[in-house]
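Please keep the sequence and the model in view while reading.

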Amino acid sequence: MTTKNLELELPMATQPAAWYALRRTLPTWSFDANLKELVEVLPRYGVDEIIVKVDTEEFTHGQPPLDWVKAYQPRLMEVRDAMADLGIVYSLNPWITVGHNDRGRDARQQLPGLRTMVGHDGTETTNCACPLCPVWRDHVDKVWSLYAETKPMVIWIEDDIRTFNHRPVNYGCFCELHLARFGERVGRHLTREEVVAEILASGVPSELRRAYLEMQAEVINETVAHLAKIVHRISPESSLGLMSSGPRTHCLEGRDWQGLATALADGRPLYSRPPMGNYCEGSLRGFYYSHDSIKITRHCLPPGVIEQTEVENVPFTRYSKSVVFTFLEMAISFAYGSHGVTMNLYDHAGTPMEDEAHFGTMLGNRKGYLNALAQRAAALGNYRGVRLLHHDGASLVKRLSPAAAYHQLTEDNDAVMTAFESHGIPTTYTDERVSIGTGQVLRAFSDSEIRELLRRGLFLDGTAAQLLVERGFGELIGADSVAAPVHLDELGPFSAEEFCHPGFGGAEKCYLTLTMPSLGGRPNVAVIRPAYGAEVISYLVDPDGKRHHVGMYAFENELGGRVVVHALETQSAVGTAFFHPHRRLQLQHAAGWLGRERSPIVVNGDGVYPLAFRKECESYTLVGFFNLSLDPWIGVRFDLGEMAMPARCERLDTEGIWRSVDPDLQITGDGLTLLWPEPVPFDEPLFLTFWRV
């Protein structure tokens with residue numbers, strides 16, 4: 001297997017390190033007042049770039065009328081020139097390309113002959129254009145030419161460049177244009193119903209599924225190439241930016257990330273806007289998704305992409321999201337190495353930003369702090385942890401059960417990220433000693449790639465173990481047999497998982513409920529018969545505590561690698577009831593054993609729901625900790641494998657200054673243990689730099 005350096009060089013154009021890009025709609029009825037306010041407050045907010053959103057959200061006309069865009073274009077130039085006087089960069093964010101959804105709009109009346117998207121279920125949209133439609137291509141050529149004439153630094157493409165979510169349960173485009181192209185590809189005409197049946201067929205995937213998803217990827221790549229050529233024909237210095245919807249979801253449309261990036265960049269620097277989610281404030285635990293979205297999107301894109309996360313607040317005001325939550329979202333962006341944040345903090349109705357002055361005050365007050373953090377985190381290096389597996393082709397090979405829904409094509413290796421991160425075991429997508437493969441993600445990996453994983457440390461759930469046995473790797477994972485996971489209640493009355501192995505944090509009669517992921521739920525479980533030499537870590541027990549099936553086991557194979565298999569299907573088990581101090585001990589000991597007690601970073605202490613990281617840079621190690629619980633963490637302990645005693649240590653204080661500290665550091669094995677003496681509240685994360693020289 002090969003890996004690539006995931007870190008990106010920060011171009012001079014995006015200094016300072018904590019780059020603020022504000023996305024703002026200036027409606028026609030309040031344009032002058034909104035622009036006047038921008039001029040007055042953006043320097044105070046510390047904003048470096050304004051991204052003007054055009055024909056936006058609830059006030060969108062659908063496919064933007066050409067005459068409307070022509071009339072609005074002088075106003076875009078007015079914004080650009082006003083920002084130039086302030087030293088603020090001007091960029092542009094058209095609200096749609098093909099369209100997000102209909103919302104009562106019918107672009108077919110405005111653009112005669114427009115071919116709109118037809119979903120897998122036959123539902124035809126009224127506003128979302130099929131990207132193959134020549135009427136749409138002609139229209140977008142004219143509209144985007146007007147956009148390009150304003151000479152923005154970046155023109156952003158929204159995440160409607162995709163083949164899902166144009167209706168709530170609507171996937172793909174199966175209009176006559178797509179079906180005709182597919183017919184040419186496979187040498188025969190197929191109806192929508194026939195193609196969808198092949199895509200969703202149970203068992204071994206049809207070759208027609210692969211062909212259709214690959215065709216969809218080609219169409220999207222052609223579409224973004226068309227948009228890039230329009231822009232660069234008029235404004236060759238402008239770059240293109242892409243918002244995306246998460247690589248695991250994009251698997252179900254067959255996205256070719258490398259080809260898409262090359263086509264969209266068109267020889268210029270490419271910008272990426274990974275979604276942070278959490279559009280409204282729910283739980284701090286939503287930040288597990290946020291940080292992972294940054295890492296996995298970066299993993300899929302080529303080196304050199306400029307990354308500006310999407311910090312959203314919908315439907316705006318502090319009723320939707322608190323100022324502290326917004327700050328934490330920005331801090332996570334910069335801590336995980338993003339070059340900037342794009343902030344969608346204000347409505348599209350022209351309401352003054354100063355009506356919610358608290359956000360602007362926070363931006364200005366925390367700029368120095370975030371800049372100091374970003375300068376350290378933006379350095380070239382790798383984030384350490386246990387490796388999560390992702391493959392762009394996961395949906396091409398995924399096996400579905402009968403009557404599966406279209407969304408089940410999505411790659412299913414995300415729940416395990418939260419399972420490990422929430423128990424103090426940070427994750428990464430770079431090459432590491434220990435990897436995690438759950439669900440069906442390993443179907444997309446070759447036999448040689450799997451053997452390489454098995455030479456090191458590999459954590460599997462019941463689904464992944466079953467498919468590896470199916471592919472002939474049973475001896476190397478220590479399993480004589482693994483049955484396909486079934487609903488727990490089909491196996492009989494089971495109460496708990498008994499964590500019985502003292503070497504993996506367990507003890508006799510140490511139980512954790514099997515009613516998960518939450519009250520009323522029950523997971524899927526694989527019945528496993530471990531091979532000779534496997535060491536049982538846990539059992540599934542009945543109401544009398546009698547042991548029946550193996551819950552988790554450890555095995556060292558003939559290649560010198562180590563394997564831990566959990567019988568639970570992770571995707572069906574991870575939730576509130578999965579998280580527990582017993583689980584933390586089980587997973588931390590499992591990860592330590594898999595890595596031969598050389599884990600890059602493990603976090604413990606008197607608290608729950610940590611989000612931590614370790615970034616290895618040329619002359620220093622950066623360690624960070626976010627508390628995703630409202631209770632303060634007491635006595636945060638970092639165990640940092642393969643690390644020598646540093647020459648000095650610094651902590652980022654609340655004023656944004658890196659100050660020397662002398663923490664309690666102990667040499668343990670081949671690494672260090674640090675015990676931080678002060679409580680860490682949820683609203684003030686902890687960042688430490690360990691200098692080697």
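A crossing is left-handed if the near helix is turned anticlockwise from the far one by less than a right angle, and right-handed if clockwise. Helices are DSSP runs of H or I with at least four residues, numbered from the N terminus. The crossing of α4 and α7 is right-handed. The axes of α4 (residues 134-148) and α7 (residues 207-234) come within 9 Å and cross at roughly 40°; axes are lines fitted to C-alpha atoms over the stretch in contact, with angles from 0 to 180 degrees between N-to-C directions. The two helices are therefore oblique to each other, since angles under 35 degrees count as roughly parallel, over 145 as roughly antiparallel, 65 to 115 as roughly perpendicular and the rest as oblique.

Contact means heavy atoms within 4.5 Å. On α4 the contact involves residues including W136, V140 and W144, and on α7 residues including H226, L227 and I230.

The model is predicted, so local features need pLDDT of at least 70 and side-chain atom pairs 80 or more, while totals for chains, interfaces and linings use all residues. Residues are numbered from 1 along each chain as its sequence is written, and side-chain values use heavy atoms, without hydrogens and water. The protein chain averages a pLDDT (the predictor's confidence in each residue, from 0 to 100) of 95.

Not counting residues up to four places away in sequence, L363 touches Y20, Y45, M330, M343 and L345.
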